[in-house]
Amino acid sequence: MTLIKKLAVATAFMTAMAAPAFAQYSGPPIKLGVLSDMSGLYADLSGPGSVIAAKLAIEDFGAAAKGMKVDVIGGDHQNKADVGASIARQWYDQDGVDVILDVPNSAVALAVSDITKEKNKIFLNSGAATSDLTGPKCTPNTIHWAYDTWMLANGTGKALVKQGGDSWFFLTADYAFGYALERDTMEVVKKEGGKVVGNVRVPLNNQDFSSFLLQAQASKAKVIGLANAGGDTTNSIKGAAEFGITQAGQKLAGLLVDVNDVHGLGLQVAQGLTFTDAWYWDLNDDTRKFAARFSALNGGKYPGKIHAGVYSSVIHYLKAVEAVKSKADGAAVEKKMKELPTDDTVFGKGEVRQDGRKTHPVYLVEVKKPSESKKPWDYYKILTTIPANEAFRPLKEGNCPLVN
Amino acid sequence: MSAQPVSHSVSSPASGGSSLLPFVVLAACLIIGPSLIYPVFLMKALCFAMFACAFNILLGFTGLLSFGHAAFLGMASYSSAHAAKVWGLTPELAIAFGTLVAMALGTVIGMLTIRSRGIYFANITLAFAQMVFFFCLQAKFTGGEDGIQSVPRGSLFGLISLKSDMAMYVFVAVVFFITFLMIYRIIHSPFGQVLRAVRENEARAISLGYKVEQYKLAAFILSATLTGLAGSIKALVFQLASLTDVTWQMSGEVVLMTLLGGVGTIFGPAVGAFVIVSMENYLAELGSWVLVVQGAIFVLCVMTFRRGIVGTANYYWNKRQQG
């Protein structure tokens, strides 16, 4: 109830303030569409929280004071590419949406990216992981915020080998996404001088990981890499906790884990898990302030990297529109977004590259023991900060046609 | 699976004159539709309507509950997307290819499952559909999680570009109308009468000398083929083929559409498909409540009007005519 009330007050306030002033941008109202998974497995990592993040960004940008009217609408793609594609088309064709945000789930994101290019609008992705969006399938209308598969594999693989984790065993989800994560991480591990002692392919949506975990344990590898996602990751972490794998000295490396997953698992189970995250709420005073405002609106749940990505991308988009003074030509606004350096309180300074990749430092983290956690959502120990120029795939290696 | 009042109303020869009226209304709706409703949404609804009508041949008119129809929808959708994108076939050939693949798959699965009945039949078809799902998840050409993206719509017969949504809509509407007439014709042919006899009383149909299994197999293949047609077109409309179309949830959704609209009626499945697709689309902003609303409607349907929307309407219409 309080959430709705607060939102209502905020909206009323913004509308009241929307009286035209001497503004640089005086075009028609801007409309942002948060296309997300509002009810399924990604709802906690993105979902309704992303709508809140977008609203906070509009507020912090001071859109109302500048005379810009910015609306946000939300939509649920239900993790179905066809549902997502039809919402995206309808938003662009009929509802006057200028930007689509978030979009967890790679299949939906790739579809939305194509449609966005066709309609010359802008797609600011922070929810989907696939690095193809800034690789072979990059477009002049898509920017990838927050994280991607290459960054996760590279960050975790490289940093762990450097810390002495030089022998790996992979638990790999038996489909394209799992192979890609495994392949990317393996390459990094080998390049850094580590070796891969074995791997096992696990069927998708597996419940019982015990036999696979025993193989991993028997391999004596220092690091067990989890090349899987969602329920498979949480199930394998639970299994590993039951076998006491991390307590026995092997490291568990998650390749796609979010702070909300850790929250769901609890520290007792997740402790010792090591992975790369693009953002953490407890980095500095600014991020803590953002987290406090966000969690007050989000039923006490703290923001993750995707929420932070939505916030940061909206701020940067509005800056670009202000500079271009028009929102009509999506490619032109995005060009401006690539020219301007990014700077906001949540992600700090960064840039948007030619291929649409937004770069910033990322963090190798380890989940704290229950005894080390001092306050709510105090989950990460930051092991290493990976600088922006090392964190993401080098521009030349992505095979993006926009780069030459 | 008894739907007696319904079959009575559609098979009575006396209603020949008035039975034309619904088709005229349908054609009118198809023509006026795009000026009132967003064409891409309409195309999606038409694809699902076609899917539900094809499913209804099996459930409504033969009395077989398949729980694996997503396999045909999905395989056809992947096949036509692959044909259009990688082989560069024109849309009509890509659709034909997808439909043929579904037909072949329907023949194989049909031959292996048709001897079983009831819950066993539902389970075995589900098992096959899950095999197809895992095949699609693993096979190289389907692109795993990402699916096949940016499928070109191409030009019909190499002449008429389907790039604009309106051109595509006209094409989809025409195919839908023809399919619909075809299903109507098949249901009312002697073949359709035998299917209904099988549904009502299989033992009696056998004793009358019909080779029941062959009829059931034919109905299964027909249903799979038309499902494939719907899947192939869907891939071109959305320009993508993804795992959504092969999941077991999709097999469940079509059962829901058919039951809600009215099992064993001609128009029921199409109406059901429109209702479900509209809910998915227009209630999308409610988030997780969509599923709750769908569930509530399903419960309401089963508790209060088991004949479905069209079935109930038919029932009261006939009652009024008689009384």
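Student: Which residue of S12(A) is the bridge partner of A:Asp343?

Tutor: A:Lys349 is the bridge partner of A:Asp343. This is a predicted model: local features need pLDDT of at least 70, side-chain atom pairs need pLDDT 80 or more, and totals for chains, interfaces and linings use all residues. Residues are numbered from 1 along each chain as its sequence is written, and chains are lettered from A and ligands numbered from 1 in the order in which they are written.

Student: What makes S11(A) and S12(A) a pair?

Tutor: Two strands pair if DSSP finds at least two bridges between them. Three bridges join S11(A) to strand S12 (residues 348-352) of chain A, so the pair meets the cut-off of at least two bridges. The two run antiparallel.

Student: Why are S11 and S13 of chain A called edge strands?

Tutor: Strand S11 (342-344) and strand S13 (358-359) each pair on one side only. The open sheet has the order S11-S12-S13, with antiparallel pairing. Strands here are DSSP runs of E, at least two residues; helices are runs of H or I, at least four; both are numbered from the N terminus.

Student: How are S1(A) and S2(A) joined, parallel or antiparallel?

Tutor: Parallel, with seven bridges between strand S1 (residues 30-36) and S2(A). One link sets A:Leu35 against A:Gly75 in S2(A). The chain crosses from S1(A) through helix H2 (residues 47-61) to S2(A), a right-handed β-α-β crossover. Right-handed means that, with the strands pointing away from the viewer, the path from the first strand over the helix to the second runs clockwise.

Student: Why is S2(A) said to be largely enclosed by the rest of the structure?

Tutor: Five of the seven residues of strand S2 (residues 70-76) are buried, so the strand is largely enclosed. A residue is buried if 20 or more other C-beta atoms lie within 10 Å of its own, exposed if 12 or fewer, and partly exposed in between, with C-beta atoms placed from the backbone.

Student: What makes A:Gly47 buried?

Tutor: A:Gly47 has 27 C-beta neighbours inside 10 Å, so it counts as buried. A:Gly47 lies in helix H2 of chain A. Leaving aside neighbours within four places in sequence, A:Gly47 is in contact (C-beta atoms, placed from the backbone, within 7 Å) with A:Ser36, A:Asp37, A:Met38 and A:Tyr42.

Student: How do you know that chain A is as compact as a globular protein of that length?

Tutor: Chain A has 14 helices and 15 strands. Its radius of gyration is 21 Å, close to the 22 Å of the globule rule for 404 residues, so chain A is as compact as a globular protein of that length. The radius is taken over C-alpha atoms, and the rule is 2.2 Å times the number of residues to the power 0.38. Of the 404 residues, 58% count as buried.

Student: How many residues of chain B are in contact with chain A?

Tutor: 27 residues of chain B are in contact with 27 residues of chain A. H3(B) gives the largest share of the chain B side, three residues.

Student: What confidence does the predictor give?

Tutor: Chain A averages a pLDDT of 89, and 94% of the residues score at least 70. pLDDT is the predictor's confidence in each residue, from 0 to 100. In chain A the lowest mean is 56, in helix H1 (residues 2-17), and the highest is 96, in strand S4 (residues 122-125). The complex gets an ipTM of 0.77 and a pTM of 0.83.

Note on methods
Two residues are in contact if their C-beta atoms, placed from the backbone, lie within 7 Å.
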